[in-house]
Amino acid sequence: MTILEFEKPLYEIQEKIQELKKISESSGMDVSKQIENFEKQALEYKKEVYANLTPSQRLQIARHSDRPNFLDYVKLITTDFIELHGDREGTDDRAIIGGIAKIDNQSVVIIGTQKGKTTKENLVYNFGMPQPQGYRKALRLFYHANKFNMPIVTLIDTPGAYPGMKAEETAQGTAIAVNLREMAKLNVPIIAVITGEGCSGGALGLAVADRVYMLEHAYYTVISPEGCASILWRDASKADVAAKALKITSEDLLNLQVIDGIIKEPLGGAHCDYELAASELKKTIINSINELKEIKSDKLRDERYNKFRRMGVFCQ
Amino acid sequence: MTVKDWFEQRKEMQIARRAKETQIDDSIGKLWVKCYNCNSQLLRKDVEENLDVCPKCHYHFRINARTRINQLFDEGTFNELFSNITTADPLEFVDTEPYKKRIVQAKAKTNLNEAVIAGTGEIGGNLVSAAVMDFEFMGGSMGSVVGEKVTLAMEEALKRKIPMIAVTASGGARMQESILSLMQMAKTSCAVAKLNEAGLLYITVLTEPTFGGVTASFATLGDIIIAEQDARIGFAGRRVIEQTIRQSLPADFQTANYLMKYGQIDMISSRAELKSTLTKLLNLHKR
């Protein structure tokens with residue numbers, strides 16, 4: 001398991017506890033009081049650390065290699081998942097995976113960006129960076145949902161749409177733009193959740209939704225803090241300053257009224273307890289579907305339009 | 001420095017120079033200008049009379065929004081709208097300089113209050129609603145004001161049942177408004193959905209340069225997409241791509257010709273022909 005820099009003191013305490021336990025076992029001394037005390041301290045410390053995370057520390061959690069990925073969540077929150085492959089134009093982009101499944105007895109089309117946990121996996125999923133063909137596959141699945149009146153759930157965890165030569169030649173910008181436009185036209189409820197990284201147009205291409213949520217430690221931004229730092233500060237090492245300035249945390253986005261809610265993560269982040277993280281996510285999705293299902297499609301579309309129409313801050 | 005490094009550095013310098021090239025160099029003085037493309041010394045008057053196109057090599061220099069409007073619209077018909085909408089600083093963003101200061105500087109430099117001019121006017125006798133971007137204002141970046149004015153222009157087209165024209169010139173989303181800039185991509189694209197549903201013609205003219213969040217939203221959603229000659233258009237920047245894929249890109253990468261080759265645009269128009277092309281298209285779609 002990867003240990004983040006700011007978590008090190010915590011692991012040191014836990015190592016001490018383990019040592020104490022060993023000592024007590026071998027010597028027969030009763031140190032249970034002390035151990036209990038240490039464990040209490042460790043928990044308090046953990047709570048404190050996680051209540052005061054800086055934006056760049058949260059970035060590390062959002063990018064944690066053990067963080068549950070799309071297929072983990074699919075396994076934990078859906079049943080009967082059947083993957084539907086391909087854009088029907090020659091490609092099956094692996095960075096975006098989609099299919100049909102049931103969530104709490106409701107058939108849904110579920111689509112997400114997929115990241116790997118190992119380098120080998122990441123090469124398959126291209127580190128969660130979709131090609132235009134991935135967005136076109138998603139669009140095809142959106143239309144499927146629309147045709148068969150199924151709600152759409154998208155789970156987003158991407159460092160951005162892939163910046164490559166072939167991606168440009170096959171119109172990365174157009175692929176994203178078309179999704180933004182077409183999502184506005186769909187008659188079915190759309191729920192988008194930023195589960196990890198929500199970077200730029202690559203994330204938005206799946207997120208023009210009736211309800212947009214973020215996991216507590218996810219981030220959502222117009223540009224990666226590193227990219228922003230190298231452009232505006234001309235110094236990529238200023239990424240932590242940029243992360244703060246860009247206001248990328250779930251609380252920031254809730255304050256800016258860009259998202260509808262924050263989904264709580266287990267203490268220490270979603271990677272510490274997959275089941276707990278997934279159950280919170282599932283609860284939010286089910287509640288949203290039940291609420292949105294009651295709204296007539298015309299009204300649903302109007303409200304979706306108005307939701308994005310209102311976004312932006314200016315003087316008048 | 002290895003030989004390879006030297007070549008890399010040289011290439012970077014060439015790209016950086018080319019980024020500047022698109023603007024007329026007026027360092028020579030008021031009377032003379034220099035074309036970076038062919039290095040000719042040119043009389044400023046000759047260049048201006050030639051629609052800011054080099055009379056020698058036909059290189060299309062970047063032009064600002066006002067000049068563009070004067071070139072495209074029938075004289076005296078353009079009526080600017082929504083100029084009362086101005087920039088706020090919702091995130092109180094400070095990088096090496098405060099965003100507020102950058103806005104003041106951009107206003108002074110361009111005599112505009114934001115990176116887009118919206119309004120209605122006639123092109124060859126056809127009344128249209130339009131949004132014309134200006135690269136000189138913070139790289140034509142799209143923040144809340146640009147998104148709002150483009151959307152309002154589209155809503156004006158909807159209200160009056162007239163075609164919509166967008167002329168783009170932008171480095172992409174405005175970082176200083178972070179997520180709010182990203183949301184302008186959604187906002188403008190949703191407005192295009194409304195134009196589609198109303199059956200109104202939407203034409204986009206992509207000019208040098210059109211990138212990032214503007215490419216990935218309303219710029220590439222035109223029913224008809226025209227690229228101006230010499231424009232460079234793309235999603236990711238050339239340098240970002242080169243760093244990612246670790247290979248050098250073809251010289252004509254992301255040029256209008258390149259996009260044409262890959263089927264992303266309907267046509268390339270020279271500046272001289274742009275107005276007549278638009279007029280023809282508008283006439284052909286008249287009901």
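This is a predicted model: local features need pLDDT of at least 70, side-chain atom pairs count only at pLDDT 80 or more; totals for chains, interfaces and linings use all residues.
**Entry 1: chain B as a whole**

I began with the make-up of chain B and found 10 helices and 10 strands. Next I looked up its extent: along the principal axes, the C-alpha atoms fill a box of roughly 60 × 45 × 40 Å. How does the radius of gyration of chain B stand against that of a compact globule? A compact globule of 287 residues would come out near 19 Å, and chain B has 19 Å, so the two agree. I also checked burial, and 49% of the 287 residues in chain B are buried. Then I turned to contacts in chain B with a separation of 6 or more: 66% of them are between residues 24 or more positions apart.

**Entry 2: the domains of chain A**

For chain A I looked up the division into domains. Domain 1 covers 5–23 + 31–52, and domain 2 covers 65–309. I noted that domain 1 has two segments in that assignment. The C-alpha centres of the two domains of chain A lie 35 Å apart.

**Entry 3: where the chains touch**

I then followed S4(B) across to chain A. Strand S9 of chain A, residues 314–315, is joined to S4(B) by two bridges, and the strands run antiparallel. In this pairing, Cys315(A) stands opposite Thr86(B).

**Entry 4: a closer look at Ala191(B)**

I picked one residue of helix H6 of chain B, Ala191(B). Is Ala191(B) buried or exposed? I counted 29 other C-beta atoms within 10 Å of Ala191(B), and 20 or more are enough to call a residue buried, so Ala191(B) is buried. Leaving aside neighbours within four places in sequence, I found Ala191(B) in contact with Thr151(B), Met154(B) and Glu155(B).

**Entry 5: backbone exceptions**

A reminder to myself: most residues other than glycine have a negative phi, and most peptide bonds are trans. I went looking for exceptions.

Which bond is cis? The peptide bond from Glu208(B) to Pro209(B) is, with omega near -20°. Pro209(B) sits in strand S8 of chain B, residues 202–210.

For positive phi I wrote down two residues. Ala171(A) has phi near 70°, and its place is the loop between helix H7 (165–169) and helix H8 (172–185) of chain A. Ala171(A) has 24 other C-beta atoms within 10 Å, so I marked Ala171(A) as buried.

In chain B, Asp230(B) also has phi near 70°. Asp230(B) lies in the loop between strand S9 (224–228) and H8 of chain B. Why did I call Asp230(B) buried? Because Asp230(B) has 23 C-beta neighbours inside 10 Å.

Key:
Residues are numbered from 1 along each chain as its sequence is written. Chains are lettered from A and ligands numbered from 1 in the order in which they are written. Domain bounds come from an automatic or database domain assignment. Two strands pair if DSSP finds at least two bridges between them. Helices (H or I, at least four residues) and strands (E, at least two) are DSSP runs, numbered from the N terminus. A residue is buried if 20 or more other C-beta atoms lie within 10 Å of its own, exposed if 12 or fewer, and partly exposed in between; C-beta atoms are placed from the backbone. Two residues are in contact if their C-beta atoms, placed from the backbone, lie within 7 Å. The radius of gyration is taken over C-alpha atoms; the globule rule is 2.2 Å times the number of residues to the power 0.38.
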